[in-house]
Amino acid sequence: MSSITFYGWKVEYDEERYLTAEQEPKSGRTYIMYHGTKVQTARLIIQNGFQQSPDGMLGPGVYVSRNQKKAERYPLNSPITDRVVLKLSVNCGKIKRIDTDNHPMQKTWHDHGFDTAWVPPNCGMRAVPSGLEEDCVWDPKRIEVVDVALAPSTNVLAELQQLIRQSQVAPAAAVSTGVCHLCKQKLCPAHNTQTCWGCGETVCTLMSVHKCTRWG
């Protein structure tokens, strides 16, 4: 079989990892989520990974959402000029639904073997007056920054995206985690990598987007 020549593409995927915020997540899946933070904190997260918050509505963990609008509200007391929304790939593990105030496992879900707590949208919890979907992930290592969804300027956007490229896992290390470092999807079955004929960049055939720098 002859090899395929790649120049660039954009694919629209209808995958479960792109569930809308209104859809109920399933345990053991990886989903695209968002996290709002300050510019300097975004730099630190990209370079060093997330740190677990000591407490919150759902107890310790990293607070994220599949609703980008939810992430755009944070940090609550920061000006728009200092807000960044990071796009994440989150391996949720075992998920616990928390949908009522004073839920018996609202802050102890991890003690019962769960990896992520999920608050569905418009569930009526007083602690979520916005009614927007929210998640708390216990282990920061389950979260990878894959892009910047919102930045206060084009300069900050370019800087943060460059940091993301520099911090991406090397191919050899990616095999041990079971995730392709190019398309961020599971390596089972194995993924094929090719060299773009135009720009020479190594690409995965399952990448949703590859913009060839030579051919545009």
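A residue counts as buried when its relative accessible area is under 20%, as exposed when that area is over 50%, and as partly exposed in between (1.4 Å probe, protein chains only). Cys136, at 0% relative accessibility, is therefore a buried residue. Cys123, with 23%, is partly exposed.

Before going further, a word on the model. This is a predicted model, where local features need pLDDT of at least 70 and side-chain atom pairs count only at pLDDT 80 or more, while totals for chains, interfaces and linings use all residues. Residues are numbered from 1 along each chain as its sequence is written, and side-chain values use heavy atoms, with hydrogens and water left out.

**The overall picture**

The chain has four helices and eleven strands. Helices (H or I, at least four residues) and strands (E, at least two) are DSSP runs, numbered from the N terminus. Of the 216 residues in the chain, 40% are buried. Contact means heavy atoms within 4.5 Å. Among the contacts with a separation of 6 or more, 63% are between residues 24 or more positions apart.

**The three-stranded sheet**

Let's start with E2, E4 and E8. They form an open sheet in the order E2-E4-E8, with antiparallel pairing; two strands pair if DSSP finds at least two bridges between them. E2 and E8 are the edge strands with a single partner each, so one side of each has no neighbour in the sheet. On average, neighbouring strands here are turned by 30° against each other, direction ignored. (Axes are lines fitted to C-alpha atoms, for helices over the stretch in contact, and angles run from 0 to 180 degrees between N-to-C directions.)

**The four-stranded sheet**

Another open sheet has four strands in the order E3-E7-E6-E5, and its pairing is mixed. Strand E3 (62–64) and strand E5 (95–97) are the edges, each pairing on one side only. Neighbouring strands in this sheet are turned by 25° against each other on average, direction ignored.

Here are antiparallel pairs from both sheets:

| Strand pair | Bridges | Residues facing each other |
|---|---|---|
| E2 and E4 | nine | Tyr31 and Val90 |
| E4 and E8 | six | Lys87 and Asp147 |
| E3 and E7 | three | Val64 and Asp135 |
| E6 and E7 | four | Thr116 and Val137 |

Asp135 in E7 is also the bridge partner of Trp118. Which way do the residues of E7 point? Glu134 and Cys136 point one way, Asp135 and Val137 the other, and all are buried.

**A closer look at Thr116**

Thr116 is in strand E6, and its relative accessible area is 0%, which means that Thr116 is buried. What does Thr116 touch, leaving aside neighbours within four places in sequence? Its contacts are Cys92, Lys94, Ile95, Lys96, Trp109, Asp135, Cys136 and Val137.

**The nonpolar cores**

A nonpolar core is a set of buried Ala, Val, Leu, Ile, Met, Phe, Trp, Tyr and Cys residues joined through side-chain atoms within 4.5 Å. The largest one has 24 residues, and those touching the most other members are Phe50, Val84, Leu86, Leu88, Val145 and Leu160. At least two residues of this core come from each of E2, helix H1 (39–48), E3, E4, strand E8 (143–150) and helix H3 (154–167). Another core lies apart from it and has twelve residues, including Met57, Ala117, Met125 and Cys136.

Not counting residues up to four places away in sequence, Leu88 touches residues including Tyr31, Ile32, Phe50, Val64, Ile143 and Val145.

**And the cysteines?**

How many disulfides does the structure hold? It holds zero, where a disulfide is a pair of cysteine sulfur atoms within 2.5 Å.
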